[in-house]
Amino acid sequence: MTSAAFDLAAIGAGLSFAAALDELSTTLDTSTSAVVSAPPGTGKTTLVPPLLASRSSGRVIVTQPRRVAARAAARRLAQLDGTPLGTRVGFTVRGERAVARETQVEFVTAGVLLRRLLSDPGLTGVDAVIIDEVHERALETDLLIGLLSEVRELRDDLVLIAMSATLDAARIAAVIGTDDEPAPIVDHDVPAFPLTERWAPSPVPRLDERGVTWGFLDHVAQTTASAARELVREDPAADVLVFAPGAREVSEIARRVRDNTDAFDVRELHGQMPAAEQDAVIRGRRPDESARIIVTTSLAESSLTVPGVRLVVDTCLARAPQRDVGRGMTGLVTSAASRSSCVQRAGRATRQGPGTVVRCIDERTYATAPARPTPEIASSDLADAALLLACWGAPGGAGLRLIDPLPAANLADAITVLHGLGAIDDEGRVTDEGRSLARIPTDPRLARALRDGGPVVGARLAAEIVALLGGDLRTADSDVAQALITLRGGRTPDARRWHSDADRLERMIASTPGVRADLDSVGLVIALAFPERVARRVDRSAGGATFLLASGTRAGVTGPLAAVEWLAIADVARASGRASAGTGAIIRSAATLTEEQMERAASHLITDRVEAEFVGGRVQARRESRVGAILRSSAPVRASAEEGRDAVRRTLRRDGLSMFTWAPAAVDLRCRLALLHRELGAPWPDVSDAGLLIDLDAWLAPELDSLAGGTPAARLELASALRRLLPWPEAVRLDELVPERLEVPSGSRIRITYPAPDDPDARPVVAVKLQECFGWAETPRLVDGRVPVLFHLLSPAGRPLAVTDDLTSFWSGPYAHVRAEMRGRYPKHPWPEDPWAAVPTRHTKGRAAR
């Protein structure tokens with residue numbers, strides 16, 4: 001690729017980062033990796049790509065976390081370079097591409113480069129990759145760092161640069177560097193213009209169970225209009241930037257500001273807008289045009305620079321994916337923005353001079369916000385990521401240098417999904433099916449629905465449904481079929497983008513002539529993607545209905561869908577309030593489903609079996625037909641012998657052994673065996689609750705049959721059952737090692753109380769009158785001398801005198817005190833001075849020894 005070098009002086013005119021180009025160039029003379037840290041708006045995204053292109057003959061690829069940022073950065077650089085977009089500078093995003101053979105700098109989304117790596121792991125013709133906005137910790141950006149670090153082990157000539165406005169530079173440098181040393185860091189700092197912070201807390205809550213409250217949006221709009229009027233009086237050339245968590249809030253705030261005042265040009269800026277409208281906002285305004293109020297999402301936090309902004313109004317809210325572990329689902333959740341994000345937003349007001357930020361919360365609330373945003377890798381659905389890593393040959397990210405490892409629980413859920421799709425094998429390796437699904441640029445579940453649903457419902461309808469579900473489009477009344485009707489006839493930016501995505505997806509699957517496309521089939525396509533989310537109505541009220549999903553989750557819905565029996569659900573989110581019907585979740589998008597369609601899509605979840613339970617001492621059985629957790633039908637039947645045994649086993653494992661009445665002989669034998677297992681281990685059995693429940697059949701098989709046949713638990717002879725566990729030939733020494741009784745010097749045989757199986761430190765106890773132990777110089781020991789007996793020594797009247805497991809020490813010490821106190825109280829009983837040599841007695845007559 002031969003072309004004239006970029007004119008860095010012309011491109012960098014007025015950009016602060018131009019002063020750091022020499023340092024970066026010198027760094028790259030000795031290193032093929034670097035970390036660039038510079039504040040937003042300094043020009044690093046504009047200047048670093050042409051610098052690298054001027055140093056190499058191959059293409060430079062620059063990743064951005066969002067499509068709008070990739071397009072905007074490419075247009076900006078092409079404009080400054082004075083060349084048409086798509087020639088020297090181009091871009092590729094999902095559904096849109098403007099590049100040529102002579103393109104030297106190509107801006108792409110991280111997802112585009114990830115899929116390109118799968119087909120071309122060596123990045124043929126690429127000399128450098130720049131990963132921008134690393135601080136956002138987008139999932140695809142994190143994955144790119146891991147994959148590119150491995151590519152560079154084979155291509156030591158590939159230059160890799162990570163860039164960010166604010167990031168943990170040392171940590172990133174360690175990941176993209178070599179094993180021997182981290183990547184060098186180029187830190188460009190510029191003196192900050194003064195920032196005035198103001199606080200405007202709302203009199204109403206920001207959030208409720210439905211999301212951002214209307215009252216808070218009213219407050220933000222009023223605060224914006226008031227602050228904007230004040231600003232324009234002081235500086236007519238200044239513009240206002242308002243940060244909202246999502247596109248819906250952007251539209252609502254913009255509408256309210258327009259209703260409040262007509263003195264400003266109120267614009268919206270978010271990722272769902274057409275590129276031309278986005279560009280019009282980013283270009284700025286002429287001096288003769290009205291001051292602008294631009295309401296945006298986090299898109300303008302660091303990815304895009306909006307010129308002329310001197311005032312920022314911040315809701316201090318953000319929308320990010322959050323994993324619902326209990327339901328195994330991931331959805332977008334609105335919550336407090338991190339303090340680092342709020343600082344970035346405020347910095348947009350001071351890029352060109354002194355500025356002001358108005359935060360619509362109080363200082364205490366701001367102080368309690370998280371310091372940094374949670375990395376997407378920690379909270380996202382990982383099915384797509386896990387499939388990509390399996391295709392790369394690194395299942396679960398094994399062996400990759402990732403900033404953070406994939407969370408084990410989320411990864412396990414993703415692997416379960418991929419197994420169900422047949423995308424990976426038991427070792428986690430990708431299958432041919434998995435590679436086929438990975439070629440479709442959407443979630444693997446939607447890819448499967450597109451490919452398998454096309455021949456059934458028609459390629460076009462399947463593509464339309466997948467484009468809607470994968471495009472973050474709002475679904476009125478949660479009804480996907482109705483949303484399709486609206487989009488088909490719509491002329492909105494959302495509708496145009498949806499049409500484009502559907503066209504692209506349709507081209508990826510074989511056409512299906514002769515198939516009758518019918519909106520009644522929408523639910524089938526959704527169910528093919530998410531069979532575990534087929535749902536049946538289990539409750540109906542005036543306000544809506546509750547559905548039980550095959551996964552076991554319950555969720556509420558209002559509107560027309562509340563009237564149907566079966567649903568195929570595409571999206572469920574955590575929520576409270578009336579819409580959730582007390583379930584803690586609401587259905588955000590779904591379609592009606594016939595029972596026949598359900599059986600086709602979720603056949604692997606359908607079971608028809610006898611379910612037996614042991615209740616009240618009796619086995620009760622019913623034949624149940626289920627779809628996952630959904631009960632379709634149930635009828636009483638007679639349980640077989642094995643079904644009865646299984647029911648008893650399950651009950652025992654759930655409720656424990658307390659359902660039995662343990663006779664004293666059984667308790668005694670169990671405690672003796674427990675001591676032997678504690679002291680000698682195998683082959684003596686573990687008779688703790690856990691040990692006995694592990695293999696019930698080894699000792700309780702006949703009794704299980706008796707219980708299943710109706711024999712009361714209280715009538716079982718458990719001592720005999722326990723004897724089945726005795727090891728042979730060791731069992732012949734049972735009475736020798738742990739005798740039931742201990743013969744004391746008086747000739748009495750005293751029962752030994754052995755410790756309970758769940759008491760690992762207790763000793764076997766013998767309670768005996770002190771006089772019966774005369775003549776014993778040492779404490780007797782059990783289990784081949786390993787365990788001393790703990791004596792509870794009693795008075796002639798049977799009252800406690802002392803406790804000891806060391807008779808020798810007791811006779812030579814504490815006994816003297818006992819003797820002095822007791823011989824006056826019991827004068828007819830012997831109290832010798834040398835008890836170890838005295839003759840023991842059970843019934844002493846005459847006067848005590850003096």
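1. Helix H23 crosses helix H26 in a right-handed sense, where right-handed means that the near helix is turned clockwise from the far one by less than a right angle, and left-handed anticlockwise. Helices (H or I, at least four residues) and strands (E, at least two) are DSSP runs, numbered from the N terminus. H23 covers residues 641–655 and H26 covers residues 697–708, and the two pack at an angle of about 115 degrees with their axes 9 Å apart; axes are lines fitted to C-alpha atoms, for helices over the stretch in contact, and angles run from 0 to 180 degrees between N-to-C directions. H23 and H26 are therefore roughly perpendicular to each other, on a scale with roughly parallel under 35 degrees, roughly antiparallel over 145, roughly perpendicular at 65 to 115 and oblique for the rest.

2. The model is predicted: local features need pLDDT of at least 70 and side-chain atom pairs count only at pLDDT 80 or more, while totals for chains, interfaces and linings use all residues. Residues are numbered from 1 along each chain as its sequence is written, and side-chain values use heavy atoms, with hydrogens and water left out.

3. On the residues between H23 and H26: H23 contributes Gly644, Arg645, Val648, Arg649 and Leu652, and H26 contributes Asp697, Leu700, Leu704, Asp705, Leu707 and Ala708, contact being heavy atoms within 4.5 Å. By class, this contact of H23 with H26 holds 6 nonpolar, 1 polar and 4 charged residues; Ala, Val, Leu, Ile, Met, Phe, Trp, Tyr, Cys and Pro count as nonpolar, Asp, Glu, Lys and Arg as charged, and the others, Gly among them, as polar.

4. The crossing of H18 past H21 is right-handed. Leu461, Ile465 and Leu469 of H18 meet Val522, Val525 and Ile526 of H21, and this contact divides into 6 nonpolar residues, no polar and no charged.

5. Strand S1 (residues 33–37) is mostly covered, with 5 of its 5 residues buried; buried means under 20% relative accessible area, exposed over 50% and partly exposed in between (1.4 Å probe, protein chains only). Ser33, Val35 and Ser37 point one way from S1, whereas Ala34 and Val36 point the other way, and all are buried. S1 pairs in the parallel sense with strand S7 (residues 159–164) over 5 bridges, two strands being paired if DSSP finds at least two bridges between them, and the bridge partner of Val36 in S7 is Met163. S1 also pairs in the parallel sense with strand S8 (residues 185–187), here over 3 bridges, and in S8 the partner of Val35 is Ile185.

6. Another sheet is open and consists of 3 strands in the order S29-S32-S33, with mixed pairing. Its edge strands, each pairing on one side only, are S29 (765–769) and S33 (800–804), and neighbouring strands of this sheet are turned by 20 degrees against each other on average, direction ignored. S29 and S32 (residues 790–794) pair in the parallel sense over 5 bridges, and Lys769 has Leu794 of S32 as its bridge partner.

7. Turning to the backbone, most residues other than glycine have a negative phi, and most peptide bonds are trans. The bond joining Ala682 and Pro683 is cis, with omega about 10 degrees, and Pro683 is placed in the loop between helix H24 (664–680) and helix H25 (689–694). A cis bond also runs from Trp728 to Pro729, with omega near 10 degrees, and Pro729 is placed in the loop between helix H27 (718–723) and helix H28 (734–737).

8. Positive phi values deserve a look too. Arg137, not a glycine, has a positive phi of about 55 degrees; Arg137 is in the loop between strand S6 (126–131) and helix H6 (139–154) and is buried at a relative accessible area of 11%. Ser478 has a positive phi near 65 degrees, is found in the loop between helix H18 (459–469) and helix H19 (480–488), and counts as buried at 11% relative accessibility.

9. Finally, Asp29 lies in helix H2 (residues 21–30) and is exposed, with a relative accessible area of 53%. Asp29 and Arg55 are 26 residues apart in sequence and 9.8 Å apart in space, C-alpha to C-alpha.
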